[in-house]
Structures are given as C-alpha cells and as structure tokens.
Amino acid sequence: MTDTGDSNVVDNAWSLKVPEFKPEDNPSGMIEESKFATLFPKYREKYLRECWPLVQAKLQEFHLKSEMDLVEGSMTVMTTRKCWDPYIIIKARDMIKLLARSVPYEQALRVLEDDFGSDIVKIGTLVRNRERFVKRRQRLIGPNGSTLKSIELLTQCYVLVQGNTVACIGPYQGLKQVRKIVVDTMNNIHPIYNIKTLMIKRELMKDPKLKNENWERFLPKFEHKNLSKRKQPLKKKEKAPYTPFPPAQPLSKIDKELESGEYFLKENERKAKKAAEKRAAQADSQEKRKEKMEKSFKPPKEKSRKPNSEVKSSDVDIGKLKQKIKKAQKKKSN
C-alpha cells in the first residue's frame, strides 16, 4: 500500500487482510431475528443426523440457533439477541446449503471464516443434450479426479461436482477462477487451457520485471473449430437478392391475347389461326417420328482402311557390305 496525498492506492486488493469483527465492535447485539431455512434430500438424512451436534456446537460459538426437521427434511439457522456479527447469519446459511449438497462437515465449516466464501455453480441448464452434458461434466473431473485435483491445488479451493451443480469453498479470488473454469468447460473449452493459464500466471507473478507488462503473449490462446457434421447438398439453391417489393403479377389470358393481337381478331380468324398452329405442330411431330423410324434402316458408316505404311529404309551401307564379303571369300580361298 502506498500513500499518495489524501487517497490510498492499493497495488493488489487480493493481498489485503480483512480485519476480524469482534464482540467489542457491536456490544448492543442484534435487535431483530433473522432466519434462513433450506431443504435437504432423503439420502443426506443419516449423515446430517450424525454431524448435527457438531454443527450446533460450532454455531453456538457465534450465538446462533440451529434446528433440523426430519419430517419436513429442512435445516434452519437463526440469530439470537447475543449475536454480535451481522454477516455470520449469511455464512451460516451458506454452510447449511453446502451440507445439503453433499459437502462434508469438515469442508462446509470453513465458510464461517472471514477469508473464505462459497459458490454454487448451476451447470444443468448450460448444455441441452444430456449425453453431451455428462461428457463435459466428466471432462471437468478428469481421469481418477486428476483434473479436479489440479484445479483445487491452483485455486486453493475445495470443489465438489454433484449432479447439476458444482459447489466450491475457498478464498474469493479462487472462487472467481473456479467459476470461470466450470462455465468454460460446459461451453466446450477444455479445462486444461484454463489450468495452463493459471500455472503460467502463477509463475509470472514471481517475476518483478513483468509486474507492469502485458501477459497476453505468454498465455495460451484457444480457438474454436466449428466443424459442421451436417452433409452439404451437391446443388445449393442460390437465394435471389432481397427486394422489399412484391413480385410482378402474372399476365392473364386476356392480357396475353392483347399482347399478341389475337384479342382483336374475329372468331373465325382466331379459329383458323389455332387450326394452322395445330397443323404445324402435327407436321413437326410427324417429321420427328419419321426420322426416328428411318434411323434404324440407315447403314452404319464403315471405317476407312489406312494404307500400309512404307517399309522403313535401312541405314546399311551396301558398298562396305560387299567389301566385307569379298574379304571373307579371299580368306577362305587362302
């Protein structure tokens, strides 16, 4: 902490120690009673019955009353007139919430400390597909819980993945980091990216030279690969450019007759024109039919024979050949 004039400038807010709230700070106690209740599932009843005397004894230190209704399946915490800490009831409420969510008593007890808080991340609604949700939740836990253990070591938080929620207890900076990792994992970003980032940041914090520099160049960058698994059609229909005006109205029969001039013809002339068009169409179709029939009687074209290629002239020298024969004959005669 450095003093600049009247105001105090804090270099690192997370390193500040929260002063302890003592009974001397509030000697008059609480005027009104505050009460919080939470339900717990049936399978937690046995464990809660065993550890409930310990819970009552711990809350009694802060002058808080606690009750458990096994018929209704609920836990209740309330303040008394002797209670001096106004915020301890909120801490006690978080404690019974964590106990109801399968967090062991030893870990839930840490919430009552000033430097520790709790956070419950609801992950059930982040992924629609149930199979995909189970896979991503398992990815957060890792093989034999190794990923979850590394998150706990880096953030100094206790993390419990239970059903559709993730409960975490620890320092407030760690809770912030855990929530980011959990939400990113359910949004299909592997937790190893965030774990690597935390490890690199922890190493960079030790170096005083890099204190006031930008760390982006050291951190890993995650890129989404949106690979569409849907088969694309061979022929894609191209959409016409959007126009705010409606398409032109098609021409009616009378409009077409007006364009061609048939509308002004007499009935006899109109009939004669139609008959002439019909005869012309019949003649065209008759010609095509005739060509099709005659096609089968036409002889196929014969392939023209190519003349025999001339014999290639040999490159043998006849004069030299004669001389060789004569020399051979002379040798024989000798």
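Is Asn 129 buried, partly exposed or exposed? Asn 129 is partly exposed, with a relative accessible area of 37%; on this scale buried means under 20%, exposed over 50%, and partly exposed in between, using a 1.4 Å probe and protein chains only. Asn 129 sits in the loop between β6 (116-122) and α4 (130-141). Its C-alpha atom is 37 Å from that of Met 68, and the two are 61 residues apart along the chain.

A few ground rules. This is a predicted model, where local features need pLDDT of at least 70 and side-chain atom pairs count only at pLDDT 80 or more, while totals for chains, interfaces and linings use all residues. Residues are numbered from 1 along each chain as its sequence is written, and side-chain values use heavy atoms, with hydrogens and water left out. Helices (H or I, at least four residues) and strands (E, at least two) are DSSP runs, numbered from the N terminus.

Now for the inside. The largest nonpolar core has 31 residues; such a core is a set of buried Ala, Val, Leu, Ile, Met, Phe, Trp, Tyr and Cys residues joined through side-chain atoms within 4.5 Å. At least two core residues come from each of α1 (45-60), β5 (74-79), α2 (88-100), α3 (105-108), β7 (158-162) and β8 (165-171). The largest share, nine residues, belongs to α2. Apart from this core there is another, of 20 residues, including Leu 154 and Ile 181.

Leu 59 is among the residues with the most contacts inside the largest core. Leaving out residues up to four places away in sequence, Leu 59 touches Leu 64, Ser 66, Val 77, Ala 92, Met 95 and Leu 112, where contact means heavy atoms within 4.5 Å.

Then there are the helix pairs of α5 (residues 146-155). Axes are lines fitted to C-alpha atoms, for helices over the stretch in contact, and angles run from 0 to 180 degrees between N-to-C directions.

| Pair | Angle | Axis distance |
|---|---|---|
| α5 and α6 | about 150 degrees | 9 Å |
| α5 and α7 | roughly 30 degrees | within 11 Å |

So α5 and α6 are roughly antiparallel (over 145 degrees), and α5 and α7 are therefore roughly parallel (under 35 degrees). On the α5 side, Ile 151, Leu 154 and Thr 155 make the contact with Gly 174, Gln 177, Val 178 and Ile 181 of α6. Against α7, the α5 residues include Thr 147 and Ser 150, and the α7 residues include Pro 191 and Arg 202.

Note on methods: Parallel < 35°, antiparallel > 145°, perpendicular 65-115°, else oblique.
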